[in-house]
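Subject: Handover of a structure

Hello,

Here is the structure I promised to pass on. Please open it first, then read my notes below.

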Amino acid sequence: MFVVSSKQMKAAEQAYVDSGACEFLPLMERAGSAASKVILQRENPSKAVVLCGNGNNGGDGFVIARHLSSHGFWVTVVLTMGRPKTDNAKTMMDRLPADVVVLDAKEKGEAAKEAILAADFVVDAVFGIGFHGKLPSPVSEFAELCRKQCKRVYAVDLPSGANADTGAVEGECFSCVVSITFAAKKQGHLLYPGAGYCGEVVVADIGIGTPIFSSLYIESRTITRKMVSAAIPDRKADANKGDFGKLMLLAGSASMMGAAQIAAKAALRCSAGLVTLAAPRRVTRTLTSSIPEAVMFPLKMGESGAISSREAKRIVEHANSMSAIAAGCGMSWCEDTRKVIETVIREVEIPLVLDADALNVISEYPEILHTRKAPTILTPHPGEMARLCSKTISEVQADRIGAALSFSKQYGVITVLKGAYTVIATNDGRVYFNETGNSGLSRGGSGDMLTGIIGALLAQGIPAEKAAVSGVYLHGLSADLCAQKMSQYAMLATDVIESLSDAFLQIKGR
């Protein structure tokens, strides 16, 4: 599914109209009718208040009010910003039936509040995708009233108070049970804090489809199960372990053995034919019995408990006989790690995943990524992303798309910016949003697991972009399936790894 900015959505509407497929007025009718159907599926005839702005979003609200009235609802329309200013919205207001009560909030503010208090649900058709900043009065008061009274609110396009491009919320915002948007999801549906106000997001079809978005070169999409299923090759009956690649995991240190164990177990669960754990001898000796399927490549340990920098050349020689390498989990941030990671980046000629302490090394000198000759995937959390691009965490979170995309383009890598609705950005401008996963992943080990998953997919020869996209989706889906059995409160990273089998059954069916 396409994900668009407010500017791109307006361009898509214009292109659709210019194609001769539909004029703006009937397009507004389609939008309001489609939104009404979503509401009618969820509500029985009752008291409804439709809050309308003075633009085209308000016009959609007038259509909704008319359709609800025709189905036996008692409808009150509140003009939150005065009478409509656009011709199409004026036309739709004129089409309201006589039994719909219309209140101008500027003149009858108390009556409007009383109507909201008496309503069984509220429709927010005030601003839609064109909003930024703080809600003006009396809209902010209406949003606050709905929040305090726990009203069921249906948003038309996006909750008023949330920025459609950045997800920013300043002050009050309508908290919705459902947001009904049209043709495509907007960026604000997938970026916090705005995403937290949207509730269920329903994308309604109004005729603007793939040909229009493709003609505008829209490069942002949500990840779908079909996309992941197509990316992961079927297993042939006569396959052997050599057909599924060899992954080297460069991970672990004396004080962080668990990270190496989690990454290795996740990689093994994701079909890599052979997983080799390259780690300090103390780590490999300790973990041999807990991950017997992995090949151990013991290395000398430096004074800090990390892999000794004297092993860098040996690591490179062995890695170049593998299919892919994943590095950084639990390696510890020290001089030995810096020298090892820098050598790997410069001299390893196979696809590479970099996470955790490897990212800390890169943050000191990101230009080293220009030396890479093979595909490279970075998997930072917001704090690591902030260090990589010399910004604050707040700045990164305020523009997650921009942070990931600009870094990918500048350094020729794929950036997986972790978090709710993980953002994957490619060096040629594509952006993917992941909708699987839950807060149960907010604990130690989840990132190590993701590194192992993506590394395993890379090792099987799946192109880097598809490996990153599929790995993030699988990671989140496994967490969702795990939470169904164990709850988001109790699940551990190791539990999620066990649920990878259920995820593969859903995606591949075997």
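A residue is called buried when its relative accessible area is under 20%, exposed when over 50%, and partly exposed in between (1.4 Å probe, protein chains only). By that rule K508 is buried, with a relative accessible area of 17%.

Two notes on the source. This is a predicted model, where local features need pLDDT of at least 70, side-chain atom pairs count only at pLDDT 80 or more, and totals for chains, interfaces and linings use all residues. Residues are numbered from 1 along each chain as its sequence is written, and side-chain values use heavy atoms, with hydrogens and water left out.

Salt bridges

A salt bridge here is a side-chain nitrogen of Lys or Arg within 4 Å of a carboxyl oxygen of Asp or Glu. The search of the whole structure gives 17 of them.

K508 is in one, with D234, at 2.9 Å from N to O. D234 sits in the loop between helix 8 (225-231) and strand 11 (246-250), while K508 belongs to helix 20 (residues 500-508). The two are 274 residues apart, so this pair links distant parts of the chain. D234 is partly exposed, at 49% relative accessible area. Helices (H or I, at least four residues) and strands (E, at least two) are DSSP runs, numbered from the N terminus.

D428 pairs with R430, and their closest N and O atoms are 3.0 Å apart. D428 is partly exposed at 46%. R430 is also partly exposed, at 23%.

R66 and E29 make another salt bridge, at 2.7 Å from N to O. R66 lies in helix 3 and E29 in helix 2 (residues 24-40), so the bridge ties together parts that are 37 residues apart in sequence.

Helix packing

Two packed helices are described by the angle between their axes and the distance between the axes. Axes are lines fitted to C-alpha atoms, for helices over the stretch in contact, and angles run from 0 to 180 degrees between N-to-C directions. Under 35 degrees counts as roughly parallel, over 145 as roughly antiparallel, 65 to 115 as roughly perpendicular, and the rest as oblique. A crossing is left-handed if the near helix is turned anticlockwise from the far one by less than a right angle, and right-handed if clockwise.

Start with helix 3 (residues 56-70) and helix 4 (residues 87-94). Their axes come within 8 Å and cross at roughly 20°. The two are therefore roughly parallel. Their crossing is left-handed. N56, G59, F62, V63 and R66 of helix 3 meet N88, A89, M92 and M93 of helix 4, where contact means heavy atoms within 4.5 Å.

Next come helix 1 (residues 6-18) and helix 2. They pack at about 120°, with axes 10 Å apart. That makes them oblique to each other. The crossing is right-handed. E13, Q14, Y16 and V17 in helix 1 meet F24, L27 and R30 in helix 2.

Last, T422. Its place is the loop between strand 17 (414-417) and strand 18 (423-425). T422 is buried, with a relative accessible area of 10%. Not counting residues up to four places away in sequence, T422 touches R400, V416, L417, Y432, F433, N434 and V472.

Best wishes
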